[in-house]
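Reader: I would like a close look at a single part of this protein. Here is the model I have in mind.

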Amino acid sequence: MRDMDMAIKIAKQVSENGGRTFLVGGCVRDEILGKETKDIDIEVHNIEIEKLIEILNSLGEVKKIGASFGVFNLKGYDIDIAMPRKEKSSGRGHRDFEIYVDPFIGYKEAAKRRDFTMNALMKDILTGEVIDSFGGIDDLKNKTIRHVNDESFCEDPLRVFRAAQFASRFDFKIDQKTIDLSSKMDLSALAFERVFEELKKALLKSDKPSVFFESLRDMNQLSTWFKEVEDLIGVNQPKEHHPEGDVFNHTMLVLNQAAKLRKDAKDPLAFMLAAMCHDFGKAVTTKIDENGKVTSYKHELESVKITEAFLDRLNKVNLKKEVLNLVELHMRPNQMYNVAKKKSMMRLWDKCICPEDLILLARADSLGRDKIKDYDEIEKILRASLKDYKNLMKKPQVTGKDLISLGLKPGEEFSKYIQFGHKLHLSGVPKEQVLRHISADIDKKQSL
Ligand code: CTP
């Protein structure tokens with residue numbers, strides 16, 4: 001609200017000087033869709049840039065985030081204040097642009113540089129008039145993502161991912177012409193951070209992340225950045241367990257199930273990435289034997305390797321460890337819950353960085369097939385077992401201090417005893433008994 005009050009103040013002064021100020025981009029679109037708007041972008045027309053700077057200076061401390069592009073901020077406010085500009089590509093990279101600021105360019109010409117008709121709407125802050133130069137309101141009504149202009153669309157290849165991301169977030173269709181144009185664009189020069197941001201929005205903001213990947217598949221644009229997902233297309237699975245079809249279809253269903261659960265995840269991004277990557281290894285391990293049996297033994301181990309390479313390429317984030325841990329263990333809960341001994345379950349939870357998220361992933365993996373079965377009972381058993389593990393971890397176990405009082409000094413052997421003690425603890429052996437074991441072992445070694 002504070003930001004909007006400031007936007008109105010700016011608009012009033014701009015108007016007194018003969019100009020007009022518009023809300024532009026996502027905030028106009030979101031308002032029409034009845035969605036909550038986060039940041040405010042405004043565009044100031046029909047006054048000189050020096051005049052705008054003078055107005056902003058009179059209202060606060062001006063931060064020039066892209067002064068040569070006519071983009072400003074006011075300290076303490078989350079408003080992007082821009083002047084109309086034209087962008088012209090001068091190379092392959094996303095930074096290779098020549099930018100011309102022209103406050104008198106006209107509304108339609110200014111909106112032409114935007115990606116989609118729904119994002120090219122302009123709303124006069126003072127009068128509320130919406131200027132819809134490219135049919136954005138109709139496209140919003142018809143749930144269509146349509147590019148504004150062939151030439152300007154191609155100036156930023158990230159827009160291919162933006163189309164897929166918006167389609168998945170809003171459950172909109174991408175216009176065929178936009179699909180056709182997108183399929184011809186070269187995405188190889190994009191910066192990984194930008195691609196990752198779009199992926200993140202699809203994974204964290206969409207109810208159906210599958211649409212992101214399906215849209216890219218329809219554009220034939222999975223190969224540059226999501227080759228690992230593309231490699232799942234056509235990979236067979238045993239029909240009795242996976243009536244939904246190939247590994248790609250299964251992964252899409254798992255992603256959509258995971259999207260329903262991510263609000264409960266301790267680390268939603270790691271959880272969603274694990275859902276996306278959990279079966280990557282099937283692309284290289286799936287075999288059909290002479291009886292027609294489809295197997296993909298140890299695929300989770302290959303999934304770990306492929307996921308690691310994928311994450312290294314896409315972003316160097318610190319959640320890699322969590323994602324790889326979930327991917328490696330994703331099969332275990334469903335394989336073990338009704339057959340494993342308590343001891344094995346305790347060892348499983350002990351290997352988990354985030355056992356709660358592993359249970360959610362196992363749920364999404366199980367429900368991510370055509371045969372919808374009730375998972376609640378299984379989840380109850382898993383959660384009860386996890387509770388046992390947590391209770392066990394609260395009980396005293398052998399520490400370094402204990403070993404020092406037995407006369408040991410920190411070193412290789414010391415760590416071995418700590419690990420040994422922990423292993424026995426997981427098996428339910430009480431601390432005193434473990435210590436007796438260790439003490440006897442030390443005595444035996446000393447007497448040799
Ligand atoms: N825009 C564009 N091309 C891009 C990025 C942005 O044309 N590659 C324009 C669009 O008009 C967009 C506006 O800049 O609406 C603001 O972009 P951004 O804040 O990235 O996205 P939003 O559309 O606001 O959507 P979101 O809800 O994802 O933030």
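Leaving aside its neighbours within four places in sequence, which residues is H45 in contact with?

Author: This is a predicted model. Beyond the neighbours within four places in sequence, H45 is in contact with V14, G19, R20, F22, P84, P103, G106, Y107, A110 and M122. H45 itself sits in strand 2, which covers residues 40-45. H45 has a relative accessible area of 0%. The cut-off for buried is under 20%, so H45 counts as buried. The side chain of H45 also makes a polar contact. Its partner is the side chain of E43, at 2.9 Å.

Now the wider setting. The protein is divided into four parts: domain 1 (1-156), domain 2 (158-225), domain 3 (235-393) and domain 4 (395-447).

Take the interface of domain 3 and domain 4. The centres of these two domains, taken over C-alpha atoms, are 34 Å apart. Eight residues of domain 3 are in contact with six of domain 4. The area buried between domain 3 and domain 4 is about 670 Å². Carbon and sulfur atoms give 59% of that area. On the domain 3 side, K343, L392 and M393 supply 63% of the area buried against domain 4, more than any other three residues.

What about polar links? Between domain 3 and domain 4 there are zero salt bridges. Four residue pairs are in polar contact across this interface. Helix 18 (342-351) and helix 20 (376-394) each give two or more residues to the side of domain 3 that touches domain 4. By class, that side has four nonpolar, one polar and three charged residues.

Terms used: Residues numbered from 1 in each chain as written. Predicted model: local features only at pLDDT ≥ 70, side-chain atom pairs only at ≥ 80, totals over all residues. Heavy atoms only, no water. Domains from an automatic or database assignment. Contact = heavy atoms within 4.5 Å. Buried area = accessible area lost by both parts, 1.4 Å probe. Salt bridge = Lys/Arg side-chain N within 4 Å of Asp/Glu carboxyl O. Polar contact = N/O pair within 3.5 Å; in protein donor to acceptor, adjacent residues only side chain to side chain. Helix = DSSP H or I, 4+ residues; strand = E, 2+ residues; numbered from the N terminus. Nonpolar A, V, L, I, M, F, W, Y, C, P; charged D, E, K, R; others polar. Buried < 20%, exposed > 50% of the residue type's maximum accessible area, 1.4 Å probe, protein only.
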